[in-house]
Amino acid sequence: MHKSLIIDAGKCTSCLQCEMACSYEHTGAFNPSRSRIKIIEVGHGERSIPYTCTQCADAWCQKACPTGAITVNLATGAKVVNNSTCVGCKVCTIACPFGTINFDQISGKVVKCNLCDGDPACAKVCPTDAITYGDANWTGMDKLRASAIKTDSGNQATA
Amino acid sequence: MAWANNVLRVNLTKGTCISEPLNMEWAEAYMGERGLGTKYLWENMDPQADPLGPDNVLIFATGPLTGTMAPTSGRYAVLCKGPLTGAIACSNSGGKFGAELKFAGYDLVLIEGRSESPVYLNIVDDKVELLAATDIWGTTVWHTEAWIKKTHNDPLIRVASCGEAGENLCRYACIVNDLHRAAGRSGVGAVMGSKNLKAISVRGTKGVTATHPEKFMDVVHECHRVLAESEGRKALTELGTNDMIDMMQEFGGLPTRNFDDVQFAGTDKINPSAMFEVKANGHRNMVTNKACFGCTIACGRIAHIDENHFSIVNKPEYRMASGGLEYETAYAFGPLLGVDDIDALTYAGYMTNEHGYDPISFGGTLAAAMELYEMGVITDADTDGVALNFGSAEALTIMSEKTGKGEGFGKILAMGSRLMCEKYGHPEIAMHVKGQEFAGYDSRVLQGMGLGYATSNRGACHLKHAVFDEDMEDISGNGKAEPCKTSQDHVAAMDSTGLCLFVEGAGMNIGHFVDLLSADLPTSWSQERMMETGERVWNLERRFNLAAGLTAADDTLPKRLLEVPAPSGSGKGKVSELAQMLPEYYKARGWTEDGRLTNELIERLGL
C-alpha cells in the first residue's frame, strides 16, 4: 500500500518549516530556495497553500523525459529523478501541468519530491498537520469524515 | 557555521556596495542581531550625529539563528540613532525578509550616507545594485513590494521598505517587510526615508548551515515538541497577543484616554472574542492566523473589515484581508483613544502597515491631540475640521490616513507627542519616555514595567525587559530593581539570537537557546555567557545614549504617572514608585548615582 502527502491548505500558517526540512533533507542546508515543496501565499496571507508533486500514476514528466531518467520507486510510488541519466533538458518541466518538477541550477538536474523514500521530512515537521502522510487511496478521508459527521441526521435508516 | 561571514557596506553618497568579512571578535562578544548591530553602530557613527542627516548609520542585522530551522528564526533588527528619541533605536521584525537576507549570504547590511535621488537596494546573492526608485517614491509599502516583484519578475523576492511616512520623515515611521511585519519603533523608517532609500529587496539561494547540523536538529525537534505541548503557545496561536487586553482590563493596567484611566468599558468589543464573533450579517473580523518565518506559534492575525463599515464603504480596495489586530495596536487605537469600533481599529491598522508608521506612537500622539482638543488648546481650525474627541472612530480612521500620507493635521501628528505638545505649549500632555510613547501597560500598577520604561535605551518600550510576573504578584515597587536589570540583560541576549521573544512565553527557556547556539556556532554557549552578553549589549546601548547627550534626567516618567493616582483597578490610588526604584536600579547596574558607566564596568564587560 502506498502513502501520499495529504495537504490541507486551511491549516497552513506559512511558517516554512516544511521548506527548511525539505532542503535540509536533500541539500544539508536550510535553504527554502532549494525546497521541493513550496508554500504559496495568497493576497496578504489570507490563504497559504503547501504545494508539491502528487506523484501522478500516469506521470507527464516521466512520459516526456527523453532519457528515461524518471522512474518509479516501487516501494513508495514516488516518481524519482535519476541523476546519472538526467541531462537537465527540462522537457519534463514543460510537460508537468502543475509546476512541481523544476530545474536546479546547482546540480544541473531537475528536482522533484521523492517522498524522502517513504518518510517525508515536510510532513514530520509540519506543526499544524497541514501536511500529513497517509493512505494514498484515502487522501480525502479527513474531509469525508468531517462531511459525514456534519450531514449525519442522527436517525438510523430502517428497512 | 551559521554565519555567512559577510557584511554588506552600502554608501549611498558614493553609490558603493562593498562586502567585508564579519568581525568575528565582535560576533563572539555581542552575539548577533541587536547586540552585534549595536557594536557596529557604535564603531561606525558619531552618537551626536543628526538622526535625519547623512551621518546617521542604518543597520539591518540578522542573528546567528536567523534563517535556521530553530522556531521563530525569521528575525532581524534595524539599528540607527532614532529620530523620535535622539537615542539608539533598535527595532526588530519578523516575517520572511530577515531569513532571506541571510540566505543571500549577508549577516548584516550597513547603510551610510544619503543618496541624491531615491534608490532601492536590490540583492540577489552576490549581485548587489542600487537601482532608481523614482517610480516607487511617494508610493505605499504595499505598492512598493508589488512593484519590485513585478519589475524583477520574481514573486519570491522579499522586500523591506519605508512608506510615505518614512519619506515624509514622520518621527515614528517604521520599516515594513512582507506587507505587515515591521521594525516598528523609534522612527527607523524616517531614517531610511532621509537617506532616499526606498526599499531593500532580497533573493537568497545560499542557505544556512549549522556548525553541528545533527546536534542542531536534535535541539530543533526538542524545541518543536516543547512549543507544541505548551499552554502558553496554544493561547498565542488561538487568541493572538490581543489576549492581553482582557488581562490588562481586569487587572486595571490598561491605559485609557491618554492615561486618564486604567480600565476601559469597551474592551469586549475589541478583544479576541470580538475578533472571532460572527455578526448578524455573517461578517467575522478574524480570517486566519499566520506565522513569520520558521515560527510554529503563528500569533499573527489576518483579518478583514466589514464591507459595510464607514471606513471602507467607498474604498473597495480595502475589502481584502490583511494584517489584523495585535495587542499593542488594539490598545493604542482602542482604550488609549476611547474607541471601541473593531473595524475602525482594523482599518487604522491597515493604514499603519500600508503607509509605514508605528501604531503605538501614532495612538499615543493622537491621544494627546484628543486631550488638547478637549481642553480647547486646538480646535477644528487646527484639525482640518475633524472633531478630535475621545471615542471618535471617525477621528481615528481619518487621522490614520492623513498621518500616513502626510496630509493636513497628519503632518502635526507625525511629529510624535513630545514635539507636538511642546508646539502647543503643553508638554505635560505628552505621555512618553525619551520622546517615545508607551505600550499598553500602566506604570502606576505595573511598577517594574514603569522602571523598565524609564530606563529602556530606546524610550518607552515594553519589550526590553520582562518583569510581568513580578508585577502581577506585587503591585509595589519593592524589590523590582534587580529583576528589572536581570530581565533587561536576559532580553538583550534573546534579541541578539535571531529568534522571537515570544518563544519563552510559549514554552522554550534559556536552556534551549544555549543548546541551539552551541550547536549552531563554533564556540560553546552557557547561560552565564548569554547573560553577560546581554549585560554587555545593554551597557553599550547606554553608552551610546550618554555619548549622544542623554542623561539620568531622561530616565523618568511623565508627571501623570508619578503624581496622579490610578483611578481604578488593582492599583487604585497608586502612583509610580520610580523615585524609590531608580537609585536601586542604578546600584544593581553598577552605575554611578547619576546613571553613568564606571570605568570598572567598562573594563569588566570589555566595552
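Begin by selecting B:D125, which counts as buried because its relative accessibility is 14% (buried means under 20% relative accessible area, exposed over 50% and partly exposed in between, with a 1.4 Å probe and protein chains only). This is a predicted model, in which local features need pLDDT of at least 70 and side-chain atom pairs count only at pLDDT 80 or more, whereas totals for chains, interfaces and linings use all residues. Residues are numbered from 1 along each chain as its sequence is written, chains are lettered from A and ligands numbered from 1 in the order in which they are written, and side-chain values use heavy atoms, with hydrogens and water left out.

**Two backbone angles in chain B**

B:D125 sits in the loop between β7 (119-124) and β8 (127-132) of chain B. Helices (H or I, at least four residues) and strands (E, at least two) are DSSP runs, numbered from the N terminus. The phi of B:D125 is positive, near 50°, although the residue is not glycine. Most residues other than glycine have a negative phi.

Next, select B:F259, in the loop between α9 (244-251) and α10 (272-276) of chain B. B:F259 also has a positive phi without being glycine, here near 70°. Is B:F259 buried or exposed? B:F259 is buried, with a relative accessible area of 2%.

**A covered strand in chain B**

Now select residues 108-112 of chain B, which form strand β6. Five of the five residues of this strand are buried. Show the side chains: B:L108, B:L110 and B:E112 point one way from β6(B), while B:V109 and B:I111 point the other way.

Which strands pair with β6(B)? Two strands pair if DSSP finds at least two bridges between them. Strand β1 (residues 7-11) of chain B runs parallel to β6(B) and is joined to it by five bridges. Strand β3 (residues 58-62) of chain B runs antiparallel to β6(B), with four bridges. Select B:I111 to see both pairings: B:I111 is the bridge partner of B:V10, and B:I111 is also the bridge partner of B:L58.

**Chain A as a whole**

Select chain A and colour it by secondary structure. Chain A has five helices and eight strands, and their order along the sequence is β-α-β-β-α-β-β-α-β-β-α-β-α. Its C-alpha trace spans about 60 × 40 × 25 Å along the principal axes. Of the 159 residues of chain A, 43% count as buried.

Colour residues 1-52 and 117-159 of chain A as domain 1, and residues 61-112 as domain 2; domain bounds come from an automatic or database domain assignment. The centres of these two domains of chain A, taken over C-alpha atoms, are 23 Å apart. Eight residues from domain 1 and 11 residues from domain 2 take part in the contact between them (contact means heavy atoms within 4.5 Å).

**An enclosed helix in chain A**

Select residues 17-27 of chain A, which form helix α1. Eight of its 11 residues are buried, so this helix is largely enclosed by the rest of the structure. The buried residues are A:Q17, A:C18, A:E19, A:M20, A:A21, A:C22, A:S23 and A:Y24. What covers them includes β2 (38-42), α4 (121-125) and β8 (131-135) of chain A, together with α7 (213-229) of chain B. After α1(A) comes A:G28, with a positive phi near 85°.

Finally, select A:T139, in the loop between β8 and α5 of chain A. A:T139 is partly exposed, with a relative accessible area of 38%. Beyond its neighbours within four places in sequence, A:T139 is in contact with A:S4 and A:I6.

A:T139 is also among the residues nearest the centre of the second largest pocket, together with A:L5, A:I6, A:I7 and A:D8. The lining of this pocket has 21 residues. Elements that give two or more residues to this lining are β1 (3-7), β3 (47-51) and α5 (141-151) of chain A, and β1(A) gives the most, with five residues.

How values were computed: On a 1 Å grid over the protein atoms alone, a cavity is a set of points where a 1.4 Å probe fits but cannot get out, and a pocket is an open set with protein on both sides within 12 Å along at least five of seven lines; lining residues have an atom within 4 Å of a point.
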